[in-house]
Amino acid sequence: MRKDVRILLVGEPKVGKTSLIMSLVSEEFPDEVPLRAEEITIPADVTPERVPTHIVDYSEAEQSDEQLYQEISKANVICIVYSVNNKKSIEKVTSHWIPLINDRTDKDSRVPLILVGNKSDLVEHSSMETILPIMNQYQDIETCVECSAKNLKNISELFYYAQKAVLHPTGPLYCPEEKELKSSCIKALTRIFKVSDLDNDGILNDNELNFFQRTCFNTPLAPQALEDVKNVVRRNMTDGVKDNGLTLKGFLFLHTLFIQRGRHETTWTVLRRFGYDDDLELTQEYLFPMIKIPPDCTTELNHNAYLFLQSVFDKHDKDRDCALSPEEVKDLFKVFPYMPWGPDVNNTVCTNDQGWITYQGYLSQWTLTTYLDVQRSLEYLGYLGYSIIYEQESQAAAITVTRNKRIDLQKKQTQRSVFRCNILGAQGSGKSGFLQAFLGRNLQQQRRIREDHKSFYAISTTYVYGQEKYLLLHEVMPDFDFLSEADLTCDVVCLVYDINNPRSFEYCAKVYKQYFIDSKTPCVVIAAKSDLHEVRQHYSLSPHEFCRKHKLHPPQPFTCNMTSAPNKDIYTRLTTMAMYPHSRLRCMCACNRCTYCLCQNLLKLELLRSIKAQVCRVVFNRLLSGWRLWRGCLLSEEDFILMQHVSAISSVEGPSL
């Protein structure tokens with residue numbers, strides 16, 4: 001909605017322009033009329049549309065042509081005033097004023113015109129027969145109002161219509177010659193219909209119509225009012241109502257009817273509620289709401305956002321196979337002005353055997369977009385109508401900005417759900433294979449990926465101590481001479497080398513010593529292609545010696561050359577290291593079966609910590625009593641087993657929270 005409206009009155013001398021303004025202000029006809037009225041401003045609280053209105057008079061006697069041109073360029077709407085009892089002033093409307101205004105305004109953004117027939121008190125007939133052909137000839141003319149400054153007839157209505165012509169213009173919505181909605185209006189209303197069709201069945205049922213009504217007009221429709229609306233549509237078209245719900249054709253017909261009956265404001269209220277401006281484009285304020293992201297903070301979707309995205313997925317997964325077919329993806333993005341996902345997305349997230357994006361892959365891609373480019377994520381949520389469906393002020397309500405990473409390190413705990421792992425290595429070392437293996441694809445499946453469909457990202461979920469987390473892998477291009485800040489900013493680093501290439505590890509060693517040796521970012525060395533014969537690396541230290549020297553975990557063997565899906569334990573361990581970079585983990589297996597992993601999981605429970613303390617006290621008291629009573633005697637078998645359990649638990653050093 002505009003912040004204000006500027007109305008300019010032009011016309012031949014003596015037609016009553018100044019009298020109209022003064023009669024509006026004083027609510028009486030002035031005894032003396034000056035050559036020109038000063039610009040007046042009507043406050044928002046006394047105008048029907050609640051918008052400040054500036055009214056500007058023009059006088060040929062007091063103003064130059066240049067001043068007139070300036071006023072025309074600043075005006076939002078122009079009232080061409082003529083005298084109903086003066087044919088010459090009517091002729092001047094088409095011979096002088098309309099051509100002058102058109103010459104001074106841009107063809108693509110013409111200002112609306114209002115024809116004002118003043119001095120209706122002096123004649124008994126109407127001038128509309130003369131004016132109607134003019135209105136049909138010029139599309140920029142919104143309406144014509146006959147009034148009388150002397151009798152105060154239609155004075156308030158005149159300026160109300162002028163306001164309405166600016167705030168609720170007909171031009172962008174409707175073509176009078178064709179008597180139908182314009183294509184841009186149909187496109188906008190179609191998106192609104194699809195967003196409001198919550199179950200995607202192609203009709204708006206009573207619940208959806210009520211939600212739409214409440215969203216746009218802050219009040220629901222009574223059951224009888226709903227039936228009356230549908231009956232109007234039924235009487236005028238055969239396919240406007242289906243299964244007692246409103247179809248898209250019926251929805252468009254209703255808005256055509258509103259406009260034809262002069263109720264443009266109804267359609268404009270709907271359009272503006274769904275984010276459209278006067279040119280029927282989604283506004284920048286709607287698509288890109290303000291959101292502050294301090295340094296060293298990341299962006300994630302919150303719980304409500306995931307619930308919304310889940311509902312969008314369910315809405316379009318018509319075959320209920322928990323995956324989106326290409327047709328279903330296309331249907332989902334019909335509310336977008338372009339297709340946001342390319343073929344690389346299918347190689348960035350998990351897919352089913354047919355190559356269709358699964359439910360988990362769908363959420364992962366949204367998580368990736370929000371993490372890497374939150375503005376794009378806000379834009380996408382805007383197209384889907386998040387703020388409208390969830391009744392939020394903007395899409396920014398869907399975003400969680402995490403706290404500074406330094407605070408996480410200080411507190412030795414994190415509330416983040418998305419962790420980034422940058423993959424570095426020489427050309428051909430197996431980085432791409434490592435990414436695709438995370439998505440469950442073995443080497444044979446990876447060879448089917450087209451070169452132009454490859455992705456430098458892979459994202460999926462892992463579970464760390466029972467918590468679901470997202471791990472985002474990013475393959476960094478091998479350019480040792482220049483690594484950008486984005487290449488270095490991450491939560492954990494993977495240095496990948498090919499055990500079958502004698503020159504592969506050297507790149508990893510140089511990158512580590514140049515960028516990460518003094519960094520607090522955890523690093524893991526991956527010995528890729530471990531199914532091949534391992535050769536001696538042409539470096540001063542072997543990979544194992546290098547890792548031992550720099551207190552890194554030994555190189556982790558990895559291969560995706562197998563018939564089944566690759567093992568994902570290494571990815572769980574990477575996520576764990578990203579979550580707890582301050583902890584020195586004793587193993588890298590993440591099997592949840594060995595003593596270390598089981599104890600790590602147990603130690604995470606506050607309950608066990610309490611039990612451990614109680615057991616220690618009980619055992620100590622029992623041992624102390626036994627020592628005093630039976631000094632020199634052996635411990636009982638039960639005491640010995642208890643002491644072994646306590647010792648085993650105490651010897652495990654888990655990452656502190």
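Asn 154 is placed in the loop that separates strand S6 (141-146) from helix H5 (155-167) in this predicted model. The phi angle of Asn 154 is near 60°, a positive value in a residue other than glycine. With a relative accessible area of 27%, Asn 154 is partly exposed. A positive phi, likewise near 60°, is found for Asn 244, again in a residue other than glycine. Asn 244 belongs to the loop between strand S10 (241-242) and strand S11 (245-247), and its relative accessible area of 36% makes this residue partly exposed.

His 54, by contrast, is part of strand S3 (residues 53-57). The relative accessibility of His 54 is 16%, and the residue therefore counts as buried, the limit being under 20%. Beyond residues up to four places away in sequence, His 54 touches Asp 4, Val 5, Arg 6, Ile 7, Glu 39, Ile 40 and Thr 41. With one of these residues, Asp 4, the side chain of His 54 also forms a polar contact of 3.2 Å.

The average pLDDT of the protein is 88, and 89% of the residues score at least 70. Over residues 590-596, however, the pLDDT is below 50, although this stretch has 14 contacts in the model beyond near neighbours in sequence. Where pLDDT is low, predicted coordinates should not be read in detail.

Note on methods
Residues numbered from 1 in each chain as written. Predicted model: local features only at pLDDT ≥ 70, side-chain atom pairs only at ≥ 80, totals over all residues. Heavy atoms only, no water. Helix = DSSP H or I, 4+ residues; strand = E, 2+ residues; numbered from the N terminus. Buried < 20%, exposed > 50% of the residue type's maximum accessible area, 1.4 Å probe, protein only. Polar contact = N/O pair within 3.5 Å; in protein donor to acceptor, adjacent residues only side chain to side chain. Contact = heavy atoms within 4.5 Å. pLDDT = per-residue confidence, 0-100.
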